[in-house]
Amino acid sequence: MKIGFIGDIVGRPGRQMVKRFVSKLRESEGLDFVVANYENASHGFGLTEKNAKELFAAGIDVMTGGNHTWDKKEIRGLLESLPLLRPVNYPDGVPGRGVRIFEIGGEKLAVVNVMGHFAMPMVDNPFIAANRIVDVLVFEGVRYIFIDMHAEATSEKRALLMMLRERVSAIVGTHTHVGSDDLVIDCGCAYVTDIGLTGCRDNVIGMDAKVPIERFLTGLPGRFEVPDKCRTILQMIVATFENGRAVDAYKIRCYDDGEIQVSLKARKEE
Ligand code: FE2
């Protein structure tokens, strides 16, 4: 089973890169399934129905959320009607779900969305929630378990890997928008601290640099804007799994000038 993981899709530039490259990558890499993070996909904040449908039509199978899940009101209904997730560690009764199970070639695979604690909205303990849901999935015989750990702190993402590496197939980080170079297969679990954004690459986390610079200079608030024009990138982790375990992983970067770079082949740690 070969899966592609895309991180935070930021605004229209990110959506355009998905439309341009994802179906090509499905073909060239032989992908069975593609996971992406939607929380910044519409104008940088949340997800609209129109954009959700456009991203699914472009070749994404399921999308995870995070701290910006709730930014567009319509998400509450969409979480029920479309293959979308919100972090699993929200309290009972919150709309949507944090885990979805799919079937690929007769095998069950689960996609789980977890949100970290540091610099994030108040949610339930991500480690307790992740442990609990993984126990249930393993008990139910789900062999392929993929987690999007949407978190600011690198330590939280590493700790989740150390805690779950023998029981899950992959843990990929999102939220920082900055790709990290620590792709590894650890005890059969594919892991990267952050996949990195899909969107503008020549600004600040995919947003026009003017507002963040102003914020840092003055301490005054300002609303981030996705630039109309920018240089763009699509970043994807591709991983192959057998019997529920990761056996190979690498990273692909697609650029707006058409260049496609394959990099970061994962080292295997026993
Ligand atoms: Fe986020």
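**View 1. Ile 205 in the loop between β10 and α6.** Ile 205 lies in the loop that runs between β10 (199-200) and α6 (210-218), where helices (H or I, at least four residues) and strands (E, at least two) are DSSP runs numbered from the N terminus. The model is a predicted one, in which local features need pLDDT of at least 70 and side-chain atom pairs count only at pLDDT 80 or more, while totals for chains, interfaces and linings use all residues. Residues are numbered from 1 along each chain as its sequence is written, and side-chain values use heavy atoms, with hydrogens and water left out. The phi of Ile 205 is near 45°, a positive value in a residue other than glycine. Most residues other than glycine have a negative phi. With a relative accessibility of 34%, Ile 205 counts as partly exposed, since buried means under 20% relative accessible area, exposed over 50%, and partly exposed in between (1.4 Å probe, protein chains only).

**View 2. The hairpin of β8 and β9, with Cys 187 in its turn.** Strand β8 (residues 184-186) and β9 are joined by three bridges and run antiparallel; two strands are taken to pair if DSSP finds at least two bridges between them. They form a hairpin with two residues between them, and Val 184 has Tyr 191 as its bridge partner in β9. Cys 187, found in the loop between β8 and β9, has a positive phi of about 55° although it is not a glycine.

**View 3. Strand β9 and its parallel neighbour β7.** From strand β9 (residues 189-192), Cys 189 and Tyr 191 point one way, whereas Ala 190 and Val 192 point the other way, and all are buried. Three bridges also join β9 to strand β7 (residues 170-174), and these two strands run parallel. The partner of Ala 170 in this pairing is Ala 190 of β9.

View 4. Strand β1 (residues 2-8) is mostly covered, with seven of its seven residues buried. Five bridges join β1 to strand β11 (residues 232-242) in an antiparallel arrangement, and Phe 5 has Ile 237 as its bridge partner in β11. Four bridges join β1 to strand β2 (residues 33-37), and here the strands run parallel, with Gly 4 standing opposite Val 34 in β2.

**View 5. The surroundings of Ala 266.** Ala 266 lies in the loop between β13 (260-263) and β14 (267-269), and with a relative accessible area of 13% it is buried. Not counting residues up to four places away in sequence, Ala 266 touches Leu 183, Val 184, Ile 185 and Ala 249, a contact being heavy atoms within 4.5 Å. Ala 266 and Asn 89, by comparison, are 177 residues apart in sequence and 29 Å apart in space, C-alpha to C-alpha.

**View 6. The setting of these close-ups in the protein chain.** The protein chain has six helices and 14 strands. Its radius of gyration is 17 Å, close to the 18 Å that the globule rule gives for 270 residues, so the chain is as compact as a globular protein of that length; the radius is taken over C-alpha atoms, and the rule is 2.2 Å times the number of residues to the power 0.38. Of the 270 residues, 58% count as buried. Among contacts between residues at least 6 apart in sequence, 64% join residues at least 24 apart.
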